[in-house]
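Subject: Structure handover

Hello,

Here is the structure for you to look through. Please open it first, then read my notes below.

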Amino acid sequence: MSSLNRRDALKLLGLMAAAPTFSVACSSEDVKQAREQTDSVPTRPQPEAYERQFLTEHEYDTVRVLVDWIIPADERSGSATDAGVPAFIDFILTDEKLADRKEQQTAFRGGLAWVDYECIERFDRPFVECSEQQQQEMLDAIAWPEVAEPSMQPGVTFFNSLRDLTASGFFSSKMGMEDLKYRGNRYVAEWTGCPDEVLDHVGVSA
């Protein structure tokens, strides 16, 4: 577990609110290189082969459990971990193009430490060692910003950021795109406008 104390975790977590949203700017050359690399890699994701660059083993285990609470496996697809989201998060946190990378790293690490300290106060053990019921109780306290107690605000901020990262990682993976049934841009001989069923669905029928 992290050697940070609760006060330090709160201080570091406070940076998350001030830090910009996670985003990575890509040039056309970046996209071209990514496409070439994507074409040459195996089609099946192999997240188990990923070597951590930033997160400690305990932090990585905590992220695996947290992201699978956000996107668990179901009848449509595997979980966030199955899609390689923990590796995606570790990679994003070390990406040199990430704005204010050091601050983002510090805030993310502080968020993980905050979750552990809250669980130790409540259940006398860190998050990954809690029962499923205890983990759910912890997450219920920070996953719903509208009803969260003011004292839980640091955790709410961290969980919002983690949820964004998890969705970004999952739905940009091959598994996530298959889950969405995304087929990419397709050629059509003639553009005849938005289909009627779509207009009906969004309530803007002519």
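Some ground rules. This is a predicted model, in which local features need pLDDT of at least 70 and side-chain atom pairs count only at pLDDT 80 or more, while totals for chains, interfaces and linings use all residues. Residues are numbered from 1 along each chain as its sequence is written, and side-chain values use heavy atoms, with hydrogens and water left out.

The overall picture

The protein chain has nine helices and zero strands. Helices (H or I, at least four residues) and strands (E, at least two) are DSSP runs, numbered from the N terminus. Of the 206 residues in the chain, 36% are buried. Contacts are heavy atoms within 4.5 Å. Among contacts with a separation of 6 or more, 68% join residues 24 or more positions apart. The chain exposes about 13000 Å², and carbon and sulfur atoms supply 50% of that. Accessible areas come from the Shrake-Rupley method with a 1.4 Å probe; for residues, only the protein chains shown count as cover.

The enclosed helix

Look at helix α4, residues 85-94. Eight of its ten residues are buried, so α4 is largely enclosed by the rest of the structure. The buried ones are V85, P86, A87, I89, D90, I92, L93 and T94. Their cover includes α3 (57-70), α5 (101-123) and α7 (153-171).

Salt bridges

The structure holds six salt bridges. Each is a side-chain nitrogen of Lys or Arg within 4 Å of a carboxyl oxygen of Asp or Glu. Three of them are described here.

- K174 pairs with E178 at 2.7 Å, N to O. Both lie in helix α8 (residues 174-180), four residues apart. E178 is partly exposed at 47%.
- D61 pairs with R64 at 2.3 Å, N to O. Both sit in helix α3, three residues apart. D61 is partly exposed at 26%, and R64 is partly exposed at 34%.
- E118 pairs with R122 at 3.9 Å, N to O. They are four residues apart in helix α5, about one helical turn. E118 is buried at 5%, whereas R122 is partly exposed at 35%. E118 and R122 are also linked with E137 in a network of salt bridges.

Why does the spacing of three or four places matter here? An α-helix has 3.6 residues a turn, so residues three or four places apart point the same way.

Rings and a surface patch

There are two aromatic pairs in the whole structure. In one of them, the ring centres of F170 and F171 are 5.0 Å apart and the planes are at 90°, so the pair is edge-to-face. Rings of Phe, Tyr and Trp (its six-membered ring) pair if their centres lie within 6.5 Å; planes under 30 degrees apart are stacked, over 60 edge-to-face, and the rest tilted. F170 is buried at 1%, whereas F171 is partly exposed at 34%.

F171 is in helix α7. F171, M177, L180 and Y182 make a nonpolar surface patch of about 390 Å². Patches are made of residues with over 30% relative accessible area and no salt bridge: like charges are joined within 9 Å, nonpolar side chains (Val, Leu, Ile, Met, Phe, Trp, Tyr) within 5 Å.

Best wishes

Technical notes. Buried < 20%, exposed > 50% of the residue type's maximum accessible area, 1.4 Å probe, protein only.
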